[in-house]
There are 4 protein chains.
Amino acid sequence: MAIRRVGFIGIGIMGGPMAANLLRAGFELTVWNRTAAKCEPLVAAGARAAGSPREVAAASEVTLSCVTNSGDVEEVALGADGVIEGAAPGSVYVDCSTISPETARNVSRRLAERQVAMLDAPVSGGDVGAKAGTLAIMAGGEADVFERCRPVLQAMGKTVVHVGSSGAGQVVKACNQVAGGLNLLAMAEAITLARQAGVDPAKMLEVVSAGAAGSWMLSNLGPRALRGDFAPGFMVELMQKDLRLVLETAAQTHTALPGTALVNQLFTAIEAEGRGQDGTQAIVDAIGKLSRGPGG
Amino acid sequence: MAIRRVGFIGIGIMGGPMAANLLRAGFELTVWNRTAAKCEPLVAAGARAAGSPREVAAASEVTLSCVTNSGDVEEVALGADGVIEGAAPGSVYVDCSTISPETARNVSRRLAERQVAMLDAPVSGGDVGAKAGTLAIMAGGEADVFERCRPVLQAMGKTVVHVGSSGAGQVVKACNQVAGGLNLLAMAEAITLARQAGVDPAKMLEVVSAGAAGSWMLSNLGPRALRGDFAPGFMVELMQKDLRLVLETAAQTHTALPGTALVNQLFTAIEAEGRGQDGTQAIVDAIGKLSRGPGG
Amino acid sequence: MAIRRVGFIGIGIMGGPMAANLLRAGFELTVWNRTAAKCEPLVAAGARAAGSPREVAAASEVTLSCVTNSGDVEEVALGADGVIEGAAPGSVYVDCSTISPETARNVSRRLAERQVAMLDAPVSGGDVGAKAGTLAIMAGGEADVFERCRPVLQAMGKTVVHVGSSGAGQVVKACNQVAGGLNLLAMAEAITLARQAGVDPAKMLEVVSAGAAGSWMLSNLGPRALRGDFAPGFMVELMQKDLRLVLETAAQTHTALPGTALVNQLFTAIEAEGRGQDGTQAIVDAIGKLSRGPGG
Amino acid sequence: MAIRRVGFIGIGIMGGPMAANLLRAGFELTVWNRTAAKCEPLVAAGARAAGSPREVAAASEVTLSCVTNSGDVEEVALGADGVIEGAAPGSVYVDCSTISPETARNVSRRLAERQVAMLDAPVSGGDVGAKAGTLAIMAGGEADVFERCRPVLQAMGKTVVHVGSSGAGQVVKACNQVAGGLNLLAMAEAITLARQAGVDPAKMLEVVSAGAAGSWMLSNLGPRALRGDFAPGFMVELMQKDLRLVLETAAQTHTALPGTALVNQLFTAIEAEGRGQDGTQAIVDAIGKLSRGPGG
């Protein structure tokens, strides 16, 4: 039987538009946010506001969350007023936050003891993708649970893939940040070399983006970096939080990632300038300052 | 007046299909190759074989070349039987090889003394792009010379951009290899993390390719690496030749490229396995062997 | 008035010989260890065994500890049966463990509320230095507290330096691991280059150790690595624990350490071989495996 | 029979004091330098000035040289007026320059055709060591030739080691620069972390130098870097020349040196500030500028 009642916990930059897309797709939506005021636009559009994660779960066949870190997920899911206290046996919890695979697996195990299934389903695509409903969603958990939730996920994303068992979604998100971080470094080094060698970096971007060295980062963030637009699509300090998770997962699985470790250090050089809330395209300035002259 | 008589020197994996596209586009083509036999298919298709670069240049309004390294270009262009000895004042020499910006500028200066203009116009896109006529071509030199040659270049490439004055084409090619190399490292680290953490890397590629961490390398070479297909699109040893040029140009322009230097060292780890003629996707195994267990 | 009654908590590979040196220097020693049996040799030599860290502190003017990580220190110092519950106002707690500067400062603040002073005094020199009483000891805390404790510290170490206020000892220990780790990488790359280029690495060590590129690591661990002796002076997995602390401290202080991050990744490559309990000289094999041929 | 007549070509910062030590040791010395005036102090002290490398070789049983690069060595040894034209069969040519192992082997082969033996014997220890006669000398070539020349080498150096056959001296010098470069990076990262974390780096140097993380660089160049003394012991631009040789040798022997490649890039960041003639301790500022704030 198709899912109708859906809940959403964490109505922020990502969660807000994701929840709005669920509403637009016709689901009956119950929401909760630490700062209740953020729920108002959704309530105005037809959602019901609950008093706690527990209440959201009690009202929903599928309860989603999108919060900041592992601690938040543990509290939302397992806290005194958490999902685990309200969710009916047979219901599903879908966490879209970026946390460690280990935490995801632990929470999943705890919920399973109450016959509540869980998917770890982090997303990629930024606030733009959240609004447009074009997120990439990488889900870990049981295959049949994923299939049951597919319509819910497809209301929020364009590429929705079941990537493996519990925790696999978070592993794939880690891979996503590895690849994204190094593609940003690729952009930074290419732009800096063009500048240092006296060539217009915009011309460089135009032709390099069209060929085998092209990437989403080069096409989308390269031009922003060139015109000095460092407004965040995705903030350096959030990228750093994710890279710390990545390097922790890598350490636990004995995976040496020398490139990713370098990217992490270069973003630190941006944070050293007090620019942790700039967008990740700021990495261009980390490479740039290495090559700057005495007056630079 | 539109160009009709075109020459091509260096009928190899890249030069062969590039010359064929010129013929197909209706240009009168004269060709030369060190190993003359390689010219035969073109001659069969209507080209004329010349006895030396000098003879090619004497017969052509625009003479192109695509050879291996700086030394080859110097010999083809400036040697005893080179382009400089045959080219008429007002004709153009277009070199599509990947060489140092410095060599490109030197050759250009020498030709200018004989009223022969030069474009440095390296290409990106591999043998596939050469055959399909979809190369990205990045040209340095005088703007009016570029405009005059545009129809010739467009017969071989889809993205044809004038990127600046003499040498600028080679600088942009260097930027292209910087970005391409780091995108390959991104692919390698993402695949290795997925494998080590027990997640199907094909699922990872599927979803990561669709989002902000996507790249041409991830979409096109990632799947090949996963199925152990290391046949070269572009060989590791040629990438290394290019990266050495990149790092030389970077050193001369005081540009610190820590990421690119790391990529260069990791390809060395592939060459150490006797795999210099594998495709560049082999970098996955350089990262992979760092994380391999004792029996690995 | 000179200190006579001293306590020691954590009688392990380091703590055991450190405590024995205190006894030998004539201090009245009270000891405690989780596994009580480890205290027996000290008791046989004249120490008194206590039932808890609280009891040790109650009996001592200066209570030292040498345990594994931040959590251990917090429990030993602040736990229900911890130092804080037994230490008299005016007494001193000296922690010789390697933990985060932040934890050291927090514990210090908590003890100060009870008029108990604290020094963070991590050590360098390994079990050899602990036995010989030649440790380097880097102490953070109040200058007068340090002066009061100097005789105690000098019973265990040869180079005893007050490096700054609370937490500074741990910062300097972090710097020590940064320098040590990179000196190990220096050793690894030099040995590998010699081998690959067909030169006897022992001859290389002999002459390089004597000049401006010499280091303690090269002289002491280089020869061990050459003869395949990977018995631990200091274990890879403990070094990794320390490097994670270092990189955390670096992140918090916005310090980019690209070299140290690389060292951390290379040790991961050793852990991937199941060799976390080898000595740190094993890093030679991380560089070595990058350059190994197909049969290697 | 003991060697008495010795020649020296290249009377510069290193060659000058090395030749003076030969004179002091009682050898009959013939000298030559491109700029003849530099020979005057030696002539005043008893040396004979020759008109060319050929003349030096004709007058000497052992002819030494200490010049800048591979090209210089080739000209001095094999040029029209070179050592090869004057050296008697059975005499020896000892080159103390830092050049590629490959060039050393080529020159050796050419001289062997005329029955002239060669040692490649690069040195470490700087102008200070050259003056004091305490250089480390790493010699490649035939063992009996080395033994014959030992008294000559010992007049200039304290640690004189026969490290292998022709070219081995240059390989060991490459290893020396690998280790030295990474020890410098160790120093730079340790100093920067201390500064960023608010600890006096002089205190850090004091205690870290005394332990297992100590090195010649930390003890000798660390204090200079701290007081902002960047006068060269060894210039950044000469280190970079050497590191380029190292990375070339590494590439040819398929040796991946990720740490050394990083050091090379960081020195580029110093050259970018126009400080190529500062001493190598300037690498502290390459790490430092990564962590500098917006006003830094």
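Visitor: What makes A:Glu113 count as buried or exposed?

Guide: This is a predicted model, and the label rests on a neighbour count. A:Glu113 has 8 C-beta neighbours inside 10 Å. A residue is exposed if that count is 12 or fewer. So A:Glu113 counts as exposed.

Visitor: Where does A:Glu113 lie?

Guide: In chain A, A:Glu113 sits in the loop between helix H6 (101-112) and strand E6 (117-120).

Visitor: Which domains is chain A divided into?

Guide: Domain 1 covers 5-164 and domain 2 covers 171-290. Their C-alpha centres lie 29 Å apart. The contact takes 9 residues from domain 1 of chain A and 11 residues from domain 2 of chain A. On the domain 1 side there are 4 nonpolar residues, 5 polar ones and no charged ones.

Visitor: How do you know which surface chains B and D use to meet?

Guide: Look at the interface residues. In chain B, 100% of them are also interface residues in chain D, so the copies meet through the same surface. The contact takes 15 residues from chain B and 15 residues from chain D. H14(B) gives the most to the chain B side, with 9 residues. By class, that side has 9 nonpolar, 5 polar and 1 charged residues.

Visitor: How do you know which surface chains B and A use?

Guide: Here too the interface residues decide. For chain B, 100% of them are also interface residues in chain A, so the copies meet through the same surface.

Visitor: How many residues does the contact between chains B and A take?

Guide: It takes 60 residues from chain B and 60 residues from chain A. Several elements of chain B each supply at least two residues to its side, among them strand E8 (135-140), strand E9 (157-164) and helix H10 (201-208). The largest share, 20 residues, comes from H9(B). By class, the chain B side has 36 nonpolar, 20 polar and 4 charged residues.

Visitor: Let us end with a helix pair. How do H9 and H13 of chain D cross?

Guide: Helix H9 (residues 168-196) and helix H13 (residues 236-252) of chain D have axes that come within 9 Å. These axes cross at roughly 115 degrees. The crossing of H9(D) and H13(D) is left-handed.

Visitor: Which residues meet there?

Guide: From H9(D), they include D:Val171, D:Ala174 and D:Gly181. From H13(D), they include D:Met239, D:Asp242 and D:Val246. By class, this contact has 7 nonpolar, 3 polar and 1 charged residues.

Note on methods:
Residues are numbered from 1 along each chain as its sequence is written. Chains are lettered from A and ligands numbered from 1 in the order in which they are written. This is a predicted model: local features need pLDDT of at least 70, side-chain atom pairs count only at pLDDT 80 or more; totals for chains, interfaces and linings use all residues. Two residues are in contact if their C-beta atoms, placed from the backbone, lie within 7 Å. Helices (H or I, at least four residues) and strands (E, at least two) are DSSP runs, numbered from the N terminus. Ala, Val, Leu, Ile, Met, Phe, Trp, Tyr, Cys and Pro count as nonpolar, Asp, Glu, Lys and Arg as charged, and the others, Gly among them, as polar. Axes are lines fitted to C-alpha atoms, for helices over the stretch in contact, and angles run from 0 to 180 degrees between N-to-C directions. A crossing is left-handed if the near helix is turned anticlockwise from the far one by less than a right angle, and right-handed if clockwise. A residue is buried if 20 or more other C-beta atoms lie within 10 Å of its own, exposed if 12 or fewer, and partly exposed in between; C-beta atoms are placed from the backbone. Domain bounds come from an automatic or database domain assignment.
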